[in-house]
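Hello,

Here is the structure I promised to pass on. My notes follow below it.

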Amino acid sequence: MEQVYKILIVDDELDILEFVGYNLKKEGFQVFTANNGMEAIRLAEEVMPHLILLDVMMPEMDGIETCEVIRQNPKLKNILVAFLTARGEDYSQIAGFEAGGDDYIAKPIKPKVLVSRIKAMLKRLDSNIVD
């Protein structure tokens, strides 16, 4: 039986959640969405996604802070985290990696490229699973 990967998309822009979610569902992923960091952490604890796609610029708790909280949580710390953001500056990318991000993807991105990057990250999960 093939693994169905769970992906949590976190963005405060509804159109991004819908667009990215649609493209990931089309590829067979189980998709969950949150529109802020606090909601993302609560939902991540509930559904235990394989990957969290995280926007950097969000109200209340930004993506960098959200990632730091996820990395400090023993239950969530091993979940893959990829930033998906319009912030392409070097310092933003560095902050993302320093917070514990596994990848940093600049928007706009073509759906097929995004899916390829997600699949590449998820392959690393598969290689960590010992039979």
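Helix H1 (residues 14-26) lies across E1, E2, E3 and strand E4 (80-85). Its direction is about 165 degrees to E1. Helix H3 (residues 63-72) also packs on the sheet, touching E3 and E4, and makes about 180 degrees with E4. Contact here means heavy atoms within 4.5 Å. Angles run from 0 to 180 degrees between N-to-C directions, with axes fitted to C-alpha atoms, for helices over the stretch in contact. Helices (H or I, at least four residues) and strands (E, at least two) are DSSP runs, numbered from the N terminus.

This is a predicted model: local features need pLDDT of at least 70, side-chain atom pairs need 80 or more, and totals for chains, interfaces and linings use all residues. Residues are numbered from 1 along each chain as its sequence is written, and side-chain values use heavy atoms, without hydrogens and water.

The sheet is open, with five parallel strands in the order E2-E1-E3-E4-E5. Strands pair if DSSP finds at least two bridges between them. Four bridges join E1 (residues 6-10) to E3 (residues 51-54). Leu-8 stands opposite Ile-52 in E3.

Now the salt bridges (a Lys or Arg side-chain nitrogen within 4 Å of an Asp or Glu carboxyl oxygen). The whole structure has seven. Lys-107 meets Asp-55 at 3.8 Å, N to O. The two are 52 residues apart. Lys-107 is buried at 17% relative accessible area, and Asp-55 is buried at 3%. Buried means under 20%, exposed over 50%, partly exposed in between (1.4 Å probe, protein chains only). Asp-11 joins Asp-55 and Lys-107 in a network of salt bridges.

Best wishes
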